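Have the viewer open as you read.

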Amino acid sequence: PLISPPPPHDIYSIEDLSQLIYDLHMVNPKAKVSVKLVGQAGIGTVASGVAKANADIIQISGGDGGTGASPLSSIKHAGGPMEMGLVEAHRTLVENDLRDRVVLRADGGCRSGLDVIQCALMGADEYGFGTVAMIATGCVMARICHTNNCPVGVASQREELRARFPGAPGDLVNFFQFCAQEVRVELARMGYKSLDEVIGRNDLFTQAKTLADGSANGGQPAKTAELDLSFLFTSSGASGSSKARRAQPTHGDGRMLDDEILEDAAVQQALEEEGSVTIKKDIVNVDRAATARVSGAVAARYGDAGFAGAINIELSGSAGQSFGAFCVGGVNVKLEGEANDYVCKSMSGGEVAIMPPAESPFRPEDCIIAGNTCLYGATGGRVFINGRAGERFAVRNSLAEAVVEGTGDHCCEYMTGGAVVVLGKVGRNVGAGMTGGLGYFLDEDETFPTKVNGEIVSTQRVTSQAGEAQLKALIEAHVAKTGSPKGAFVLVNWKEYLPKFWQLVPPSEANTPEASDEVVSAEAVNAA
């Protein structure tokens, strides 16, 4: 079987990809966003969509590449030619007047200066080297990169193996200098002064043909005499200046709510002096990835958790997608209203609280105020939602803690750490693929066990003192941050409600104090 990295759970359409590109531009407006596409039929249409989605770079990868971490079966039998994908992507972008919007980068089998020339003729502006660059630094292709046991220390964190590393920076520099020299020689032989002059000139290709007497000496082998490669050397038309494309600034999305927040003098002072500030703003659903740029500005100065101050942002209204994405320590956000999909995507710290308007006539636990795929990829921070969330709540959550008052299907899917408390009803398939972290679910109608995917996780009542303390502390924080009536009622009637909670426990958490009092007892005996 083809072994592949896990799919990104926030991309299922070109619109989802466009949102991710938008999010990345929001958190760091100076960073260029590259989208990697595999060489295959129909790639031109996808490349056009990616260009329209505001990507800065499109990387076309072929099946001829693959470093030591790739399974041999994948390298030999999976993937299509990079050349086919590159030519189609370049041609489609030219035909749709989109070529000047993006830089095309090619990789997957590039090993020499001649490969660079060929990729340039097919339309590539930049060129990627993988396997050959690793070999130049000492890689012996032992194909065990993923085991941390590289025998020459190229791909290992073990100090005794890293000591065997035979490479030197000069080795890699020499390789690329020779490669560049080969490019110069080939360009001179063709009659051109710079690489920029031949980029997109696939009309300079010719297909080698079988000789008149039927032999293949210097020509095309007889067995492939009927192969038509005209699509590779049919001109794609003028494609503009590659140098100008590579020099253009990062694509922007216009002025954002975050820009207004960051321009506030009090916020700037708090950033400079690590002080505290509170700012209030209205928000509407076209304000996507709100507060992400604020978090990016904090992280750029202090890292994910180094900010000693506090930027408190109080918002009112309906937030767009990716609200609170990439939130970091020191950024605390309060939203009175509702938010769309991807709330707190990839957050690493800070706190986000969402609650319905105070004048809302509906009970909070009956209102859906957060969309799908909340907390995707979160590695820290806390989220409190005084209402229900959509499907796939806390998918791929790693270390964040969250309290919500109900969710749709697939709650805690692929979760690997952290803690999630749900004070209401959930959908089906809870805990599918969950390998870490703990879940606490209030089961008032006694239907929760039928909704759990028990392939990995087990369910049990909250019996340990540490588990009870963790659950109660999270609900107390939830009430303090959101004023949740449901949470307050549960706390007042704690002895009555504690037996109604189920604890979702994957095998990796079975021997933690929160999941078992026996662990605490054993530790006490050992200490004695």
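## Salt bridges

Start with Arg363, which is exposed at 52% relative accessible area. Keep in mind that this is a predicted model. Arg363 makes a salt bridge with Glu365, with 3.5 Å between the closest N and O atoms. Glu365, though, is buried, at 15% relative accessible area.

Across the whole structure, a search turns up 24 salt bridges. Asp100 is partly exposed at 45%, while Arg245 is buried at 1%.

Then there's Glu444 with Lys486, whose side chains meet at 3.2 Å, N to O. Here a loop between strands 14 and 15 is linked to helix 15, 42 residues apart. Glu444 is partly exposed at 42%, and Lys486 is buried at 12%.

## Parallel strands

Strand 5 (residues 276-283) runs parallel to strand 6 (residues 310-319), and eight bridges join them. Val277 faces Ile311 of strand 6. Getting from strand 5 to strand 6, the chain goes through helix 13 in a right-handed β-α-β crossover.

Strand 6 also pairs with strand 7 (residues 331-339), again parallel, over nine bridges. Glu314 has Lys334 of strand 7 as its bridge partner.

## Around Met26

Gly252 is 226 residues away in sequence from Met26, yet their C-alpha atoms are 8.7 Å apart.

Notes. Residues are numbered from 1 along each chain as its sequence is written. This is a predicted model: local features need pLDDT of at least 70, side-chain atom pairs count only at pLDDT 80 or more; totals for chains, interfaces and linings use all residues. Side-chain values use heavy atoms; hydrogens and water are left out. Two strands pair if DSSP finds at least two bridges between them. Helices (H or I, at least four residues) and strands (E, at least two) are DSSP runs, numbered from the N terminus. A crossover is right-handed if, with the strands pointing away from the viewer, the path from the first strand over the helix to the second runs clockwise. A salt bridge is a side-chain nitrogen of Lys or Arg within 4 Å of a carboxyl oxygen of Asp or Glu. Buried means under 20% relative accessible area, exposed over 50%, partly exposed in between (1.4 Å probe, protein chains only).
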